[in-house]
Amino acid sequence: MQTLNRMTLRFDSRSVNEAFARMTVAAFVAQLDPTLEELNDIKTVVSEAVTNAIVHGYRDQMGEIIVSARLLEGNFAEIKVKDHGCGIADIEQARQPLFTTGDSERSGMGFTIMESFSDKLKIRSAVGRGTTVTMIRHIKGREDVI
């Protein structure tokens with residue numbers, strides 16, 4: 001698929017930057033004229049992926065998170081969230097509902113939520129090198145809603 005437009009953000013792994021990333025990606029994807037539900041889904045997946053990078057990827061240390069988005073022909077949005085943190089030892093286990101490496105306040109539903117709001121979810125990770133989560137979502141848009 002051909003790229004129609006793209007953007008990249010780089011920021012510190014501070015929890016205050018999660019909202020910045022969520023709103024920036026939503027504003028960028030708004031070019032595809034999504035419904036409010038589609039826009040909320042995009043915000044949710046960005047929020048979950050960035051929060052995972054902060055909480056699990058970097059744990060108690062500061063690092064950099066890179067969020068990129070591409071608008072693709074056919075009204076698709078591709079969003080990548082990348083960190084250079086500790087990585088995921090077992091991706092299949094991490095994708096299981098309720099599994100978490102965080103404290104008891106963590107639900108362990110991050111990847112499950114991302115998967116449910118994406119048409120395609122891909123996770124690449126290497127222990128000690130970081131994780132990249134790629135989400136693709138078709139945007140039907142407001143014109144197609146009856």
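**Figure 1. The hairpin of strand 2 and strand 3 in the predicted model.** Strand 2 and strand 3 form a hairpin in which 3 residues lie between the two strands, and G74 in the turn has a positive phi of about 85°. The model shown here and in the other views is predicted. N75 also has a positive phi, near 65°, and is a residue other than glycine. N75 is placed in the loop between strand 2 and strand 3. With a relative accessible area of 26%, N75 is partly exposed.

Figure 2. The protein has 4 helices and 5 strands, and from the N terminus on its elements run β-α-α-β-β-α-α-β-β. An open sheet of 5 strands has the order 1-2-3-5-4, with antiparallel pairing. Which strands stand at the edges of the sheet? Strand 1 (3–12) and strand 4 (120–126) do; each has a single partner strand, so one side of each is left without a neighbour in the sheet. On average, and with direction ignored, neighbouring strands of this sheet are turned by 10° against each other.

**Figure 3. Strand 1, strand 2 and the helix lying across them.** Strand 1 pairs with strand 2 in the antiparallel sense over 9 bridges. R6 stands opposite R70 in strand 2. Helix 1 (residues 17–29) lies across strand 1, strand 2 (64–72) and strand 3. The helix runs at about 170° to strand 1.

**Figure 4. Strand 5 and its two partners.** Strand 3 (residues 76–83) and strand 5 (residues 130–138) run antiparallel and are joined by 8 bridges. E78 has I136 in strand 5 as its bridge partner. Strand 4 and strand 5 also run antiparallel, joined by 7 bridges. Here S125 has T131 in strand 5 as its bridge partner.

**Figure 5. The turn between strand 4 and strand 5.** Strand 4 and strand 5 form a hairpin with 3 residues between them, and G128 in the turn has a positive phi of about 80°. V127 is found in the loop between these two strands. Is V127 buried or exposed? At 59% relative accessibility, V127 counts as exposed. Leaving aside residues up to four places away in sequence, V127 touches C86, G87, I88 and A89. V127 and H84 are 43 residues apart in sequence, and their C-alpha atoms are 9.7 Å apart in space.

**Figure 6. The second largest pocket.** About 150 Å³ of space lies in this pocket. Strand 3, strand 4 and strand 5 are the elements that give two or more residues to its lining. The lining consists of E78, K80, K120, K122, I123, R124, T132, T134, M135 and I136. By residue class, the lining divides into 3 nonpolar, 2 polar and 5 charged residues. Two of the lining residues, E78 and I136, are also bridge partners between strand 3 and strand 5.

Figure 7. R59 lies in the loop between helix 2 (36–57) and strand 2. R59 has a positive phi of about 50° although it is not a glycine. How exposed is R59 in terms of relative accessible area? The value is 48%, and R59 is partly exposed.

Figure 8. E37 is found in helix 2. E37 is exposed, with a relative accessible area of 59%. The C-alpha atoms of E37 and G141 are separated by 9.9 Å, while the two residues are 104 residues apart along the chain. For the protein as a whole, residues 24 or more positions apart account for 65% of the contacts with a separation of 6 or more. Buried residues make up 43% of the 146 residues in the protein.

Methods. Residues numbered from 1 in each chain as written. Predicted model: local features only at pLDDT ≥ 70, side-chain atom pairs only at ≥ 80, totals over all residues. Heavy atoms only, no water. Pairing = 2+ DSSP bridges. Axes fitted to C-alpha atoms, helices over the stretch in contact; angles between N-to-C directions. Contact = heavy atoms within 4.5 Å. Buried < 20%, exposed > 50% of the residue type's maximum accessible area, 1.4 Å probe, protein only. 1 Å grid on protein atoms, 1.4 Å probe; cavity = no way out; pocket = protein on both sides within 12 Å on 5 of 7 lines; lining within 4 Å. Points joined across faces, edges and corners; volume = space filled by probe spheres on them. Nonpolar A, V, L, I, M, F, W, Y, C, P; charged D, E, K, R; others polar.
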